[in-house]
Structures are given as structure tokens and as C-alpha cells.
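Morning, everyone. I'll walk through one structure today and keep it quick.

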Amino acid sequence: MKLDPKIPSGPLAEKWTNHRNEIQLLSPNNKRKHKVIVVGTGLAGASAAASLSELGYNVEVFSILDSPRRAHSIAAQGGINAAKNYQNDGDSVWRLFYDTIKGGDYRSREANVYRLAENSNYIIDQAVAQGVPFGREYGGLLDNRSFGGAQVSRTFYSRGQTGQQLLLGAYQAMMKEVHSGRVKMYNRHEMLDLVLVDGKARGIITRDLVKGTINRYEADAVILCTGGYGNVFYLSTNAKNSNATAAWRCHKRGAAFANPCFVQIHPTCIPVSGDYQSKLTLMSESLRNDGRVWVPRNKDEKRPPNEIPEEDRYYYLEERYPSFGNLVPRDVASRSAKLVCDDGLGVGDTGLAVYLDFRDAIKRDSKEVIQAKYGNLFDMYQNITDENPYEVPMRIFPAVHYTMGGLWVDYNLMSNIPGLFVAGEANFSDHGANRLGASALMQGLSDGYFIVPYTVGDYIAGEDLPKVTTEHKAFGEAVESSTKIMDKLLAINGSKTVIEFHRELGKIMWDKVGISRSKEGLESAIDEIRALRDEFWQNVRVPGEANYYNKYLEFAYRVADYFELAELMAIDALDRGESCGCHLRDEYQTEEGEALRNDKEYAFVSAYEYLGLNGKLETQLHKEKLDFEFVELKQRSYK
Amino acid sequence: MSLMTINLKVWRQKNAESPGKFEDYKLDGVSEHMSFLEMLDVLNEDLIKEGKDPVEFDYDCREGICGSCNMVINGRAHGPKHKTAACQLHMRTYNDGDTIVIEPPRAAAFPIVKDLVVDRTAFDRIIEAGGYISVKTGAAPEANLIPVPQDISNEAFDYATCIGCGGCVAACPNSSAALFTGAKVAHLNSLPQGQPERDKRTIAMVNQMEKEGFGDCSNYAECEAVCPVGISISAIAEMRRDYVKAIF
């Protein structure tokens, strides 16, 4: 396997412009002759599908949900970054680039991140023109808020529903193209396999989730926009149907999987309340603009929070990181919360929570002002916990939220399989070892609106793509292998449910491949994952049959794939003998407990090649060296 | 923490062609902190262990934003709590020994897929008919060249928060989709960006709504009462006004 990132030469600020000037174009009457498959309809998928169709390609789009509008991008709350500098606070494309690459702890490519920052401004223009109702000032112009990891206000927002509004913008743009006849939409279809012909991605296999039939679709290129794999952990902020099956099966067909151990644990989520818990709910990071994070100074504190006087409160982020305070990046905030809880200072019934307190902000700005900013989030909190956050501090705890790792792609967002493009959270491209807040929406839309439409055209124009039909034997073989997995799962008829297995897998991952990791813990995690996976294939009980709507069968094959991906995540975490971003190895910390990078040995993207599964995952690590020409690598400091 | 016993009457239906019926289940050990859907998860775990088919219901985000869940609980779409989607309903709303009846949202335009799962693609087709502003990728002007007064922007946002769950249709005696359609029409028609296509959009979306087999609006306002995000029925008035203006 050869991994060429294909980064254009030249000055950083000119790479993308020059590349676009050089890539090959297809004339409108030729575009019409080509078909592109888009899998997933979140920000990346919907925007890519709309844009490709506008260019004239025939596009087939697949969503696992009953409507493309429900993709999990919809749940993003806080905002989207852009370097507009509307606040005149010194922002620029360079600063957004720099904050993002620093926030990612220098484990992403300079050229990709710079392009992301360049595209950010066009995204805002596009969204406004589509009618996305961003927050505005009295004069009618766009407003901004602050987010973690930055000292400028560059985040555009639609109250606490920015993801919803941006997704609906992209969805509507795509539905406009469905109306034009060039986009064909398939709802409730799940991609089960990638079909390769002559080594190129030429189609997919899907399961119609309503009828249970297995279907074949051919194309000239496939764009995977299927999101991240946070649900490996069972409990996460991901939606229940978000899954890694499409990406993992592409990996098994030869696509390299990059940085699988880079998982973001979001600092502000509602803590776990019981065993029945099915998911975790995020409270937007924007709350840290006005909320102060603290725990009691004394372990045996028994007083309710409002009766604890100032001197007995430990505002640990403000004390430890005076220049960023409560707005440190997510990885730092999550790790700090874990450390104070490890020290026995955690609050609530479980001791696994810290306070996020709005008392001082309400005193300063009034309840009405806070309500106007965060009303829907406060309501959501109260609804779930039955506590009033205007009166008592919120209790929060970190939860798995986003995966920076994903399928390896080059600068054109193409994987090492020709014709397989990967966009949005599904790729590993832009966030390094940690993603800054309000950057996921930016990346999904940058990939979908402004990168893939160009680079897919370049690929199609430059490739010899003889016509294939779904009668090709590669389709038959893929159908057979997908069917076999389902038949096998249905035949086991064991005694434990899919959810029970998934919960157990999640616990191993959270305890040993979560916020902090150690050699010993990771080695034991790998053994435990293998043992549990063996048990799963002996003893899982999957109800019903494959030929009708059967949600637990879907869960079963998704969990089967998590069992393999989980092992790869642990292998990668074990191999990376440094701490960086969200990946904290206990063995590699500064004396003050900060992540200690090792740029000499680990300034690379880890990209894994799948070799097989035989009781254990057989895999080959390839290293893409990261060169830093334009920024100086520094120990990240938010103090 | 108090644990409850809950009696459930759940609509079971194999597919759109087969007849359906209510099945009774008794569930012990229900925690007040469970969400309503987590309670159904627990029921399903029990059913699977007993070798029975679990109850199918739609869900995804479980945060009240994706609009997947839309079941009718004791005769009310999304259950008893005002402005709360079924996934955000918690069992603390109920008491030990309560009986809860759970049905799919019933409407001719929403055929049943299985149990509580229905096909809502009619909503996508209404959006497809005109629920957008036709701007191609790359053709947008600089964002601040289009100032939008804050109150207009806020109003557009309120309409734009519709989650497309179909609770409004389930609640309406006429199975009307006027609140859903009106919310999108009002969102886009109120913004300066939406003016060029205003008439065309309104007519196309209203016509598609009728074509899908949704009933007309008779101002019952049941839709507004059950809407989990609180879309105002004034959306329907906006749509009607714009429709009348557009056709004359």
C-alpha cells in the first residue's frame, strides 16, 4: 500500500488556488454521462450531492434514515467558525488555520487545514443565501460568539441549533436537485459493502431497511459521507443509528483507516444516570462562555452547591489556565474534569460530574440575557435532569462526541482506493488529534460544497472508466459476503442481546481506550475485546428475520463491525507512544499533567491496512509523515 | 429513586398490508429517570430474551432535534408534555401502575412500515416541490450584503426550527400537513433571500401537500398544541395569505 498525500507545492496560501487551476475539467455534456454515488446525507453528503448535481452529474444518494433531513449533523448546537473578522478583533484565514492546527496538537496536514480556513468564509455566504437564519445584530448584520481554543469571536450560530439550520440548508439544496431530476434519493438504505472493479470503486451494495432486500448500484465514483464511529463506546452523544459499518467495510476492501485512536471526549455533557441509559446528551460548548466550571475544594463537602462559599470552590480551569480559563480546548477541559473526579472532588450521586455554574453570569447580565442566549439548552437540561439550571449549577461530565480519525484520504479527499472519496467526519483529514468547537460543521460543508465537487471531476476526467453493470461478478461476490454476515448473525440464537454486548464493549473502551490510556490498560483492552468478540459470535441473540424491517438486525451487524474497529483503535492507541490532543497516555505527561507530545517520533498519520481477522485483527501500520513548513511546533499552552 | 410498574398497550402491525392490533405488556422496575424510549428499549430487551419480535419504533438523535420519533401516546402525539418530543419525555411524568397506550401517527399519507414506524417521505416531496431558495453552490454574494432585520431573522428562525416529525399530522382531525408546510413557507417567504421565488414556492408546496393526500386545515390548532418545538399556527395563516396573493 502506497499513501501519497498529493499535497500541491508552493506557498501555503496559494496551494488550493493553484491546484484548482490545474485540475482537469469535464465539459457539461460529459458530466451528464457520469454517475456519482453519495452515501450519507449529513452536512458533507447533502452539500456534495447538491453541488455535484448542479454541475450536471447524475447523483444517487443513500440515507439510513427515513428522511435525509435527519442525519446527525442536525444535532450540532453551538456554531460554525469562519474567518470573516466581522468583529474586527484581528481574525484572519491565517489565524483560523493556526488555531485549528494548534488545537489539533499538530497532527494534521498544514495544507488541508489552511484550505479549510479559506473555505470557511464561502460557507457562511452560501448558507446565508440559502436562507439559513443565523443570529444577527440589531443592524441586521451577522453576529458572532466565542468558542473554546480561540481568542477571537468567529463563531456564527443559529441559537442552539446551528447544525439543524445548516443541515436543512444543505438538505433543501439537495431536494432542489431531486426536483431537477439529477439526484435520486434512496431513504432507509444502508450501505453494506463497496464494490471494486479493476481496483477502482465502482459501486455499492445496500440493504433496503424496509423490505430487507439487498441491492446493487454502480457508479463512476463513490463519496462516503457516513460520519464518525463514536458509537463504538455505546454511550456517546452520537445518534443511535450513527455507525461505522460503511467505513469499516471500505477498510476491509482496502481503504486505509487513519488515526483510529483519535476520539474526542466532549467536556460538557449531562452525566450518566443509570444502566438503562441509551445515549448521552451534549450541552453546547458555548455555555462555557458564561458558565464557570468548578468542584468543591474538599472531598467531604456535603453542602448543596449554592451554599458553598467562594473560598471553598475550586474553579480549576480558571486557576490552572488563567489566559483561556473556562474556554480551554475540549481535550484539556475533559481531562481536567476527569482529574478532579479521580481526586475524589466529583459531585452528584456518582461522583462523576462537575458543576457548570451560571450564578455569576445571571448576576452580571440578568436572567433574561442568559435565557436569550441559551434558553433552549437550559430547557433541555431541566427536562432531562429535573433540575433548574437558573437556580442550581448544571452537573456535567465528559462524553464521547466526535472521532477525528477516519478513512485515510489524500489532499483531494480520495482514499487510497481510486474513486472512493471520503468527506466530513468519516475522513481523518483536518482536525488532527483534537477538533476545536464549531469546526465540524465547517469541515463537513467545506468538503461537500467546495472540495469534492472539484476533485471528483478531476478524477473522472483523468481516469479510464469503462462501463460496468451490476451484473459484474464483483457485485455478486459483495452481495454474497454481506448476506452471509446477516445469515450467520441470525442463526446464532444465543442468550445475550446485541445491546448487552455493545454495552460491555463500550465499557471496555471507555475505561481503557477513553480519556486516559496506558500501555497496561490498552493491552488488556485488546485481550478483552477479542474475548468478547468471540463470545458475541457464539452467543448473541438477534431477533426476527432479514427480509423485513428489523432494527436489531441492523444493530447486530453494526456491533459486529465495532468489535473489529475497537481492536484497531486500541492497537493504534498502544502504538502511539506519546500524548497528543485527545490521546492521553499516562506514561507521557509533563510534570504539570499536560499532554506531552513526541514530535520526533510521532509526527505522522497512522494509516492501517486490513490484512485479516483470525481471532485477532491482523493489520499493517503505514506512516504518513507530517511536514510542518509554515508553523512552528510548540508545546500547546492555554495557561 | 422510585421504581414503577407500567402497563403498556402497544400497536403491533407487521406491515402496511397486514391488519394490526394492540398487545398488552407489563413492565416492572421502570426508573423515573428513564426516557420514554429507554423504557421501550427495556421492553424490547425483555421481548428479545423471550424469543418474541421487539416493537419497532423510529428514533435517532434522542435529543428532540432529528424528528424521527413521533409516536402517539395516550392519544396525543409525542405524549403529554408540552413542547416535548417523545424522546425527551421521561418516565417521571407517569405513576406506578399507569397504563400507557402507544400508537403510530395515523394518516393516509403516512403508510405504516411496521408497528410504530411509518413512511413520512411525503414530507420530503413537499420540500422537493419548492421548499428552498435556488442558489447554486458558489453563486452566493458576501454574507453581510444581505442585511436581515433582527426581528425578521428571529421570526424566520422560529419557523425554521420545525423538525419534520409529523406530530402535527397525527394530531389533526383532517390529517393536514398545513403546519409543516406553512412553517417552511413562512421561514423562506419572510426573508429577503426568499422573495424572488415566493409565489412559485407557495403554490408548488401547497399543491404538493394536497397531492400527497393530506387533508385541509380547519383551524383546530391541535397541531400547534402538540408541536414539540412550538411552531406557531400563524405559519398556516402566512401560507394561506401568500397562497391567495400568489394565485391572483
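Start with chain A. A compact globule of 639 residues would have a radius of gyration near 26 Å; chain A comes out at 24 Å, which agrees. Keep in mind that this is a predicted model. The C-alpha trace of chain A spans about 75 × 60 × 45 Å along its principal axes. Chain A holds 17 helices and 23 strands.

Now the domains of chain A. The domain assignment gives domain 1 at 265-400 and domain 2 at 473-603. Their centres, taken over C-alpha atoms, are separated by 30 Å. How many residues does each domain put into the contact? Domain 1 of chain A gives seven, and domain 2 of chain A gives seven. On the domain 1 side, helix H9, residues 330-342, gives the most, with five residues. By class, that side of domain 1 has three nonpolar residues, one polar and three charged.

Next, two helix pairs in chain A. Take H14 and H16 first. Helix H14 covers residues 498-512. H14(A) packs on H16(A) at an angle of about 25°, and the axes are 10 Å apart. Angles under 35 degrees count as roughly parallel, so H14(A) is roughly parallel to H16(A). The crossing of these two helices is left-handed. Which residues meet here? From H14(A) we have A:Val498, A:Phe501, A:His502, A:Leu505 and A:Met509. They meet A:Tyr552, A:Phe555, A:Ala556, A:Val559, A:Tyr562, A:Phe563 and A:Ala566 in H16(A). The contact of H14(A) with H16(A) has 11 nonpolar residues, one polar and no charged ones.

The second pair is H3 and H12. Helix H3 of chain A runs over residues 43-55, and helix H12 of chain A over 440-462. Their axes come within 8 Å and cross at roughly 30°. That makes H3(A) roughly parallel to H12(A). The crossing of H3(A) and H12(A) is right-handed. On the H3(A) side, the contact is made by A:Leu43, A:Ala44, A:Gly45, A:Ser47, A:Ala48, A:Ser51, A:Leu52 and A:Leu55. The H12(A) side includes A:Leu441, A:Leu445, A:Asp447, A:Tyr449 and A:Val456. Here the classes are 11 nonpolar, five polar and one charged.

On to chain B. Its domain assignment gives domain 1 at 3-113 and domain 2 at 121-247. The C-alpha centres of these two domains lie 29 Å apart. In the contact between them, 19 residues of domain 1 of chain B touch 17 residues of domain 2 of chain B. The domain 1 side divides into 11 nonpolar, five polar and three charged residues.

Last, the interface between the chains. Chain A brings 63 residues to the contact, and chain B brings 65. Which elements of chain A give two or more residues? They are H3, H5 (110-130), H6 (162-180), H12 and H16 (551-575). So, please, look at H6(A) on your screens: H6(A) gives the most to the side of chain A that touches chain B, with nine residues. That side of chain A has 26 nonpolar, 23 polar and 14 charged residues.

One link back to the helix pairs. H3 and H12 of chain A are both among the elements that give two or more residues to the side touching chain B, and H16 of chain A is also among them.

That's the tour.

Conventions
Residues numbered from 1 in each chain as written. Chains lettered and ligands numbered in written order. Predicted model: local features only at pLDDT ≥ 70, side-chain atom pairs only at ≥ 80, totals over all residues. Axes fitted to C-alpha atoms, helices over the stretch in contact; angles between N-to-C directions. Helix = DSSP H or I, 4+ residues; strand = E, 2+ residues; numbered from the N terminus. Parallel < 35°, antiparallel > 145°, perpendicular 65-115°, else oblique. Left-handed = near helix turned anticlockwise from the far one by under 90°. Contact = placed C-beta atoms within 7 Å. Nonpolar A, V, L, I, M, F, W, Y, C, P; charged D, E, K, R; others polar. Domains from an automatic or database assignment. Rg over C-alpha atoms; globule rule 2.2 N^0.38 Å.
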